[in-house]
Protein chains: 2
Amino acid sequence: MTDATSTTARSTQVQLVRRPQGWPDDADFRTVEVELPPLGDGEVRVANEFMSVDPYMRGRMNEGKSYIPPFALGETMTGGAVGRVVASRSDGLPVGTAVRHDLGWRDVAQGTASRFRPVQEVPGTSLSVHLGVLGMTGLTAFVGLTAIAGIEEGDTVFVSGAAGAVGSTAGQLARLLGAGRVIGSAGGPEKGRLLTERYGYDAAIDYKAGPVAEQLAQAAPDGVDLYFDNVGGDHLEAALGAMNRGGRAALCGAIVGYNAEEPVPGPRNMFRIITQGLTLKGFTLGDWAHLSGEFGEKMATWFAEGRINHDETVVDGIENAVDAFRSMMRGGNVGKMVVRVGG
Amino acid sequence: MTDATSTTARSTQVQLVRRPQGWPDDADFRTVEVELPPLGDGEVRVANEFMSVDPYMRGRMNEGKSYIPPFALGETMTGGAVGRVVASRSDGLPVGTAVRHDLGWRDVAQGTASRFRPVQEVPGTSLSVHLGVLGMTGLTAFVGLTAIAGIEEGDTVFVSGAAGAVGSTAGQLARLLGAGRVIGSAGGPEKGRLLTERYGYDAAIDYKAGPVAEQLAQAAPDGVDLYFDNVGGDHLEAALGAMNRGGRAALCGAIVGYNAEEPVPGPRNMFRIITQGLTLKGFTLGDWAHLSGEFGEKMATWFAEGRINHDETVVDGIENAVDAFRSMMRGGNVGKMVVRVGG
């Protein structure tokens, strides 16, 4: 039997070849098959099982400096992924180890062992949970509610994009962290039912059914203390209009603007930040990695106790990854959107 | 000689009779002369010397709940004022005491002694300084820089409305509190000169001369750490565009919107709050009165040491108070705008 570490391997990968204008187009991407070289010392080869598609990736498709560098044209994109070591020249990561890493957008990943972190397999659950509630998605919800918006016992919490990956976790976490009332916004009655039945929300707003501001005023008659924003636009404006004195907003995403060709104007009621003494704080996870230990322990316990529901929308095949990404940007997912790329 | 406490007195007062649509019109106000009754027990009568006109008053002219109740139609408006006790039935405030209080928009004020606070007279300075750097104006600048935006040694600070009452104080305070570089925006070259020559600014932006964002990028090549906003609109958008990671903004005023008949859209680059991890915090002084002791001590010392310049624009006569208010809203003042109503 040949030693897998000394052989090459084929990897199917998705590359960005043109910077999207507005909505990403098929022609902005290409799928290539590359040959991975034999493993170097200290390297591992990982067969990915799932890769993540996330809103922040849209920003990386643009030119220009942001908080993370843009994807390079003609190179394979990166992003969260989970898989299993299939060849190893690192004692720390033997063949068979389940790992999480950032070499997504490909079916086989390879590199220095330090790029891959072993994860605990949870019986009865696929590895993709480590891209969802036990991964960056869960950490995002946790950091936003705690370190950014300082959730307090009894807070009335409003979450936009509440049926999405982060939002579906944020509602449940808000409840576990002591919120008094949790209100979520999502598109359509089916998502609304999920919010109240599975994600810990007391009330659901269907933003497709009417103005968010009016629905929020009804759902939160005593106002909102904490707003977790995944959406921006009219949701942020509605939240500013509903927030109580001293209210706090964690700005996590602004999906309404990601594919806009013209800059989207901000809320027309910014003066409320002054008159209500509000705090708006934006964040990206890079600055908050030091909270992942605390988060990991708490979340693993809650998850094991069955106090957190984890839903995902799975798209099969790396050839459908770009479609999955676009669908996620349109709200086509419930819970975490992942692409099954093998396994 | 008749005891002044037992006589009536005439007071000229300005009342709001109609809620302004957009810019306040002469017909929105009326000036009346009322007869004040003899003093009750524990009351004092004060001859006002100066009254304050401030941007926040525009909000009180509107209907509807804000952080302070609206001015009532057909009643005399209120606001900061300083004067001297001319009749007293309160042992704590004998005739001749200099006081600060909120019964402005009139030349003679009268009421329970507890509404009036004695102030220290500063030799060579008129009482109006207690409406300016030693009063609410100075406290606003201090609270914004410290408690709200957490000024740090070496910060690059940007202040809009920098030649106005709060702004001219904020520049000087920022310098005293350790800022590394202080940039101010005001309208016109004359104000610009004042910023750099009198108010502690390193660089001045003339917002009438070109886009704020371009000028700010030049004036702050290494970005802005702290933004003190008196203006809103394009200034806030420019600041968001220039702010460094982890930057903090104190939102104090949004004068561009106060007289707008349609709501003014917010910044088109709100996403920067997320990608740069910015914090925007609004405030009104009502929540921060507990800092007035600390402020008062520090500011009195700095002022006595000649480390704070206090400029004011004085309009004579209560009959010109509405004009003074409108002029201030258009930036017709340098430093604090006050109306001399007597004395």
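In this predicted model, domain 1 and domain 2 of chain A bury about 1300 Å² between them. Carbon and sulfur atoms give 51% of that area. Three residues stand out on the domain 1 side. Asp311(A), Met329(A) and Val334(A) supply 29% of the area that domain 1 of chain A buries against domain 2 of chain A, more than any other three residues. The contact joins 18 residues of domain 1 of chain A to 16 residues of domain 2 of chain A.

The domain assignment places residues 4-132 and 311-340 of chain A in domain 1. Domain 2 of chain A covers residues 136-286. The centres of the two domains, taken over C-alpha atoms, are separated by 29 Å.

A helix pair in chain A was also examined. Helix α2 spans residues 136-148 of chain A, and helix α9 spans residues 292-304 of chain A. Their axes come within 10 Å and cross at roughly 105°. This angle makes α2(A) roughly perpendicular to α9(A). From α2(A), the contact draws on Gly138(A), Leu139(A) and Phe142(A). From α9(A), Ser292(A), Glu294(A), Phe295(A) and Lys298(A) take part. By class, three of the residues in this contact are nonpolar, two are polar and two are charged.

The interface between the chains was treated in the same terms. Chain B and chain A bury about 2200 Å² between them. Carbon and sulfur atoms give 62% of this area. The contact takes 27 residues from chain B and 27 residues from chain A. In chain B, Arg268(B), Met270(B) and Ile274(B) lose the most area to chain A. Together, these three residues account for 25% of what the chain B side buries.

The arrangement of the copies follows. Chain B can be laid on chain A with an RMSD of 0.0 Å. In chain B, the C-alpha nearest the axis is that of Gly266(B), at 1.9 Å from it. The same surface serves both copies, as 100% of the contact residues of chain B recur in chain A.

Note on methods:
Residues are numbered from 1 along each chain as its sequence is written. Chains are lettered from A and ligands numbered from 1 in the order in which they are written. This is a predicted model: local features need pLDDT of at least 70, side-chain atom pairs count only at pLDDT 80 or more; totals for chains, interfaces and linings use all residues. Side-chain values use heavy atoms; hydrogens and water are left out. Copies are superposed by least squares on the C-alpha atoms of residues with pLDDT of at least 70 in both. Contact means heavy atoms within 4.5 Å. Axes are lines fitted to C-alpha atoms, for helices over the stretch in contact, and angles run from 0 to 180 degrees between N-to-C directions. Helices (H or I, at least four residues) and strands (E, at least two) are DSSP runs, numbered from the N terminus. Angles under 35 degrees count as roughly parallel, over 145 as roughly antiparallel, 65 to 115 as roughly perpendicular and the rest as oblique. Ala, Val, Leu, Ile, Met, Phe, Trp, Tyr, Cys and Pro count as nonpolar, Asp, Glu, Lys and Arg as charged, and the others, Gly among them, as polar. Domain bounds come from an automatic or database domain assignment. Buried area is the accessible area (1.4 Å probe) that two parts lose on being put together, summed over both.
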